[in-house]
Each structure stands twice: as structure tokens, then as C-alpha cells.
Amino acid sequence: TEHYLESLNQNHYRLLRLIGNLAEYCRLSAPDFVPLMQTTDLAALVRDTAREVEALISLAGLTLHYEKEGASIITLGAPDALRRMLLQLLSNAIKHTPRGGEISIRLHQVADEAFLSVTDSGEAPQDLHNIFARFRSDPPLNDPSAGEGLGLPLVRRIAALHGGAVALAPRASGGTRVTVLLPIRTNGPTVLAGGRPVDYDGGFSRVLLELSDALPPEAFSAKDLE
């Protein structure tokens, strides 16, 4: 019974995630959309997110490492979107890394650019040249964790709205590294022209929602969600 309830809870979170990602991708892709920027400590945002997901990642039998240079990286950004971007990258990394593997987050600054990398020790996807360009149209019917291919296009869109870019490459030692380049800016647009973010979480944990395709069912135990 407990396992059934965990799976039921997880599927609920997955549905909310799918709805939220669809709505957010459409919102951010609107021709007139301009993100609301505010002064953001990128290093603190990444550090706090890493701390929040560490225990959940361990439930998947993985180890998380976080490496940073410097105490803070101050820039103009949309914090909710940047956090969503990082969680999407972590979700992909968890799904591609077998138990016992490692995921690492690295944030560093070079001149007026910040580089955020998420690296896994799993198997690199086969279609790297198409991975940002299309939605998944043929997800396995017996594998809800496969998703619909919204995550990485959403990551690329968020990076672009910040004047940045995303690169993905296999590692010689195994696994994949995704790197987001974000210009460090002190001025920029301050109007929200494309509508406000969709509040699809309904009071549920945003971290659990964003990682719901990747975590094991025990992360959604009814007693832990109370």
C-alpha cells in the first residue's frame, strides 16, 4: 500500500511538472516576452539549490558534488527562472546516471561571464545534435520518467533570455557535461511583458516537482509530504 501511494504521489507531481513546463515554455517563447530582472547572487542561488537537492539525489543512490569559485556572483537575473533551469539540468543528470554514480555542479566566473556546469557520470545521450531542437514525440509508454523533451529546450530558452547560451558535450571519462554561459550584467530590462510566471506548484515542493521524473518513488512518501 505504501509503495502504491508513493507512486500515486509521484505521478501527481509529474503531471504538475508537465503542465508547468508546457505553460512556462509557451510564456517564455512569446515574441513580446521580456523577463523581469533583479539583482541576484548567482552563487547563493546555486549553492542553496544544491543543498536542497543533495538529500533527494542521495535517495537515487547518487552523490552530489558542488564546486564554486568565490563567495558571490552578483548579476541581473530572474531568480525563479534560473533556479528552474538548474533543477532541469539536475533532473536530466539524475536520469542519465546509474546508481553509485556522481553528479557535480560547478560555478565559476571568468571576467564578465559566469559558467554553470552540471556533469554526470552516466551514459551520454545518442542524439546530442538534436537534443535542444525538438520535443520528444515518442516517449516510451511504459516509462513516465522519459518525459516529453521539454527540459533542455526550456533550459536553452532561459539562458537566451539572460543573454547566454548552453553547450552540451560528452566527457572522455564517461558521462555528459552541460554548461550554461551567463553574461554578468548590471543593467537590463525591468518590465515583465509576457505575463507572470505560472504558479503551478499549488503549495507542493518546487524541488520535488522539478525532479519528479528522475527521483525514485520513495522520495514521495506520504508521511514525508505532510
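Visitor: Where in the chain is confidence lowest, and where is it highest?
Guide: This is a predicted model. Confidence is lowest in helix α6 (residues 222-225), with a mean pLDDT of 60, and highest in β5, at 96.

Visitor: What is the pLDDT below 50 over?
Guide: That applies to residues 191-195; beyond near neighbours in sequence, this stretch has 17 contacts in the model.

Visitor: And what does the chain average?
Guide: The average pLDDT is 83, and 80% of the residues score at least 70.

Visitor: On to the sheet. In which order do the strands come?
Guide: The order is β2-β4-β5-β7-β6, an open sheet of 5 strands with mixed pairing. Its edge strands are β2 (63-68) and β6 (165-170), each of which pairs on one side only. From one strand to the next, the twist averages 15°.

Visitor: Parallel or antiparallel for β2 and β4?
Guide: β2 and β4 pair in the parallel sense, over 6 bridges. Within β4, Leu 107 is the residue opposite Lys 68.

Visitor: How many bridges join β4 to β5?
Guide: There are 8, and β4 and β5 run antiparallel. Leu 107 also stands opposite Leu 116 in β5.

Visitor: What about the hairpin of β4 and β5: which residue takes a positive phi?
Guide: Ala 111 does, with a phi near 55°; the hairpin has 2 residues between the strands.

Visitor: How many bridges join β5 to β7?
Guide: Strand β5 (residues 113-120) is joined to strand β7 (residues 176-183) by 7 bridges, and the two run antiparallel. Val 118 has Val 178 of β7 as its bridge partner.

Visitor: Which strands does helix α2 touch?
Guide: Helix α2 (residues 42-59) packs on the sheet and touches β2, β4 (102-110), β5 and β7. The direction of α2 makes about 170° with that of β2.

Visitor: And helix α4?
Guide: Helix α4 (residues 151-161) packs on the sheet as well, touching β6 and β7, and its direction makes about 140° with that of β6.

Visitor: How many of the residues of α4 are buried?
Guide: 8 of its 11 residues are buried, which leaves α4 mostly covered. Among them are Gly 151, Pro 153, Val 155, Ile 158 and Ala 159. What covers the buried residues of α4 includes α1 (2-28), α3, β6 and β7.

Visitor: What follows α4?
Guide: Gly 163 follows α4, with a positive phi near 80°.

Visitor: Changing topic: which residues have the most contacts inside the largest nonpolar core?
Guide: They are Met 85, Leu 90, Ile 94 and Val 180, in a core of 53 residues. Helix α3 gives the most to this core, with 9 residues. In soluble globular proteins, nonpolar side chains tend to be buried together.

Visitor: What is Met 85 in contact with, leaving aside its neighbours within four places in sequence?
Guide: Met 85 is in contact with Leu 116, Val 155, Ile 158, Ala 159, Val 180 and Leu 182. Of these, Val 155, Ile 158 and Ala 159 are among the buried residues of α4.

Visitor: Is α3 itself mostly covered or mostly exposed?
Guide: Mostly covered: 13 of the 17 residues of α3 are buried.

Visitor: Last one: what should helix α3 span, and why?
Guide: Helix α3 (residues 79-95) should span 24 Å, because its 17 residues are taken at 1.5 Å a residue. Its end C-alpha atoms are 24 Å apart, which agrees.

Definitions and conventions
Residues are numbered from 1 along each chain as its sequence is written. Side-chain values use heavy atoms; hydrogens and water are left out. Helices (H or I, at least four residues) and strands (E, at least two) are DSSP runs, numbered from the N terminus. The expected span of a helix is 1.5 Å times one less than its number of residues. Buried means under 20% relative accessible area, exposed over 50%, partly exposed in between (1.4 Å probe, protein chains only). A nonpolar core is a set of buried Ala, Val, Leu, Ile, Met, Phe, Trp, Tyr and Cys residues joined through side-chain atoms within 4.5 Å. Contact means heavy atoms within 4.5 Å. Two strands pair if DSSP finds at least two bridges between them. Axes are lines fitted to C-alpha atoms, for helices over the stretch in contact, and angles run from 0 to 180 degrees between N-to-C directions. pLDDT is the predictor's confidence in each residue, from 0 to 100.
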